[in-house]
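Me: I would like to go through this structure with you step by step. Could you keep the answers plain?

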Amino acid sequence: MKIATTTAAALLAGSLTQAAQADEREATLVNRNTTLNLIEALVKKGVLDRDSADAMIKDAKAQAVKEAREEIARDDAAAAKSDSSAASTGNKKGQSVHVAYVPQIVKKEIRDEVRAELRDEVVREVKTQAKNEKWGIPAALPDWVSRIKPYFDMRLRFADEFYQGDNAQYFDWMQINEDGGISQALADNQAFLNTRIDRTRFRERFRLGFDAQITEQIKAGFRFATSNQFSPVSNNQTLGNTGQSWEFAIDRAFLQYDYVDGDGHDWFTLSGGRIANPWVSSDVVYDPDLSFEGFAGTLRWPFNQSDSDVKTYVAPNPTGRFGVNMGQQKPDSVFATAGVFPIQEVDFSSSDKWLFGGQIGADWLVFDQSRLIVQGSYYHYKNISARRNAFESRQYDWTAPEFMQKGNSLVAINDAKNQPACNTGSLGAQNVCLVGLASGFQIFNASVMFDYADFAPTHVFLTFDYAKNLGFDEEKIFRQFGDRIEPKTNAYQVRLDIGRPDLRHFGDWGAYFAYRYLERDSVLDAFTDSVFHEGGTDAEGWVIGATYAVATNTWFNLRWFSTDAIDGPPLSVDTLTVDLNARF
């Protein structure tokens, strides 16, 4: 209002004196040249092409001419009316017209204010139009280019593992199965895991992915990654294989359908292919690098969506805290997820290995921006446990795991008693040729995650995770294999995180502490965390870590693990990892 009033005064003064007219002309030229120079700068920087710039200038001139003519017409009409009134009044009463004097300094202030306001307004309008019309993108590019979004991340890791000198020797059962028996693995010097000699390794993980928005509701994605084809829980490549090329594989390939209503509520998601972890979970059950092959669907029921806290809530990266997956839920909502995943296709058999899973939970803002997530899950693994071969039969060799780490109870599928060819040594243990999982796995998992945000941007995040294997059958194992194995089927973790929920900018930081307890048959050792206790189950211990962003989307993650075997042979492992991460 102030600018409008003073501007009107300046225009009135300019119509009465020659000096004011000169000043007004100068201001007009400055404003015009400023606008033209701004458009020319946008052309030089490639934000605006020449044709669009010329069109803008032409349209602006035409509009200016039209508005100027209309304003002149209005001014002429007003002046005529004023002159007529003044003449009439003067003739009748002998009065004259008085015009107030406007000092030069006041006129200068008016000009400066008008210029600043006009410049800011022009810049805002040009930026808005450039964004909406996507200036600088050649019109020749097809529409699908704008629908594809690439992403990338890289991790360089320094890892140092420390072992107690009195650790027991552990068989490398995965390698023994591949070699065809303990005797052959011993001959190849591959029968044992390293449990006594400290080692230092440098490792790297590289991932490059693309998401393509095919329609508003259908998305496709794929991701390339460095990969160890024998490990589903690690994309790491160990440096030091200079004479060999790295493995590079398709880590993700999927289609995804989302049903979103007119109010922006995401009611349903269905994914198929090689997909990301669809479960709200932690690395107690699933390693962060694990991908799932199959189909998963999530149904959401939103509530309380009109609340101002819910409307303004900005969800952090659901996997921003390392080892925790908060899922793709949005507060406030109740959700249910179901999935079916083939694990291993068995030739000449209808007994393929499968994972069937279901999860229900709730995700809501309990107060302000503090968020609570609770979930209960059930994971049923079908045909996962070993079956004993009959004498000189190889019918159930397929029940041996394609991949395992260590910790789960094992039994002999083939040994010298049913396969005389296995009797290649004099020691009992050396008569084993092939082993498999003693237990079935039907895992109940429950989690509570509370993100306290009253100290924002610093958050306090508390996680409690519990898992129990309901598929362990002690009597069945004894009947089939003659081995009496005590059930050890419980797992839990308590974890505390303090800091930013996701590291994006320089100076962002976080710290966390966790205590974890994994009995040997509580979860499938193949899929749990690959770093804690050097992977697998039958382990307890604590983890302390810190993260710090050294640049935009570039951060360090330092972790110290101290772990021991729970009730197996003595095994104490301390691990230090220092990760340098970068992404875009």
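Me: How many helices and strands are in the protein chain?
Reply: The protein chain has 8 helices and 21 strands. Helices (H or I, at least four residues) and strands (E, at least two) are DSSP runs, numbered from the N terminus. This is a predicted model, in which local features need pLDDT of at least 70 and side-chain atom pairs count only at pLDDT 80 or more, while totals for chains, interfaces and linings use all residues. Residues are numbered from 1 along each chain as its sequence is written, and side-chain values use heavy atoms, with hydrogens and water left out.

Me: What share of the residues is buried?
Reply: Of the 584 residues in the protein chain, 42% are buried. Buried means under 20% relative accessible area, exposed over 50%, and partly exposed in between (1.4 Å probe, protein chains only).

Me: And what share of the contacts joins residues at least 24 apart?
Reply: Among contacts between residues at least 6 apart in sequence, the share is 66%. A contact means heavy atoms within 4.5 Å.

Me: Let us turn to strands. How do β11 and β12 pair?
Reply: Strand β11 (residues 353-367) and strand β12 (residues 370-382) are antiparallel, with 13 bridges. Two strands pair if DSSP finds at least two bridges between them. Gly357 stands opposite Tyr379 in β12. The hairpin of these strands has 2 residues between them, and Asp368 there takes a positive phi near 50°.

Me: Which strand does β12 pair with over 10 bridges?
Reply: That partner is strand β15 (residues 442-452), again in the antiparallel sense. Gln375 is placed opposite Ser447 in β15.

Me: How many residues of β14 are buried?
Reply: Strand β14 (residues 432-437) is mostly covered, with 6 of its 6 residues buried. It runs antiparallel to strand β13 (residues 410-415), and 5 bridges join the two. Leu410 stands opposite Leu437 in β14.

Me: Now aromatics. How many aromatic pairs are there?
Reply: The structure holds 27 aromatic pairs. Why is the pair of Phe171 and Phe192 stacked? The ring centres of Phe171 and Phe192 are 5.0 Å apart and the planes are at 15°, so the pair counts as stacked. Rings of Phe, Tyr and Trp (its six-membered ring) pair if their centres lie within 6.5 Å; planes under 30 degrees apart count as stacked, over 60 as edge-to-face and the rest as tilted.

Me: Where do Phe171 and Phe192 lie in the chain?
Reply: Phe171 is in the loop between β1 (148-163) and α5 (173-179), and Phe192 is in the loop between α6 (182-187) and β2 (199-213), so the pair links distant parts of the chain, 21 residues apart. Phe171 is partly exposed, at 26% relative accessible area, and Phe192 is partly exposed too, at 36%.

Me: What about Phe367 and Tyr452?
Reply: They form an edge-to-face pair, 6.1 Å centre to centre with 65° between the planes. Phe367 in strand β11 and Tyr452 in strand β15 are 85 residues apart. Phe367 counts as partly exposed at 35% relative accessibility, as does Tyr452 at 23%.

Me: Which residues form the aromatic cluster?
Reply: The cluster consists of Phe152, Phe206, Phe210, Phe222, Phe224, Phe248 and Phe584.

Me: Which ring does the charged end of Arg484 sit over?
Reply: It sits over the ring of Phe478, 4.1 Å from the ring centre. The charged end of Arg516 sits over the ring of Phe532, 4.5 Å from its centre. A charge sits over a ring if NZ of Lys or CZ of Arg is within 6 Å of the ring centre and within 35 degrees of the ring normal.

Me: Change of topic: is Thr577 buried or exposed?
Reply: Thr577 is buried, with a relative accessible area of 2%. It lies in strand β21 (residues 572-583). Not counting residues up to four places away in sequence, Thr577 touches Arg157, Phe158, Ala159, Val531, Asn557, Leu558, Arg559 and Phe561.

Me: And where is Ala338?
Reply: Ala338 is in strand β10 (residues 333-344) and is partly exposed, at 46% relative accessible area. Leaving out residues up to four places away in sequence, Ala338 touches Trp279, Phe295, Ala296, Gly297, Gly357 and Gly358.

Me: Last one: which residue follows α8?
Reply: Gly482 follows α8, and its phi is positive, near 75°.
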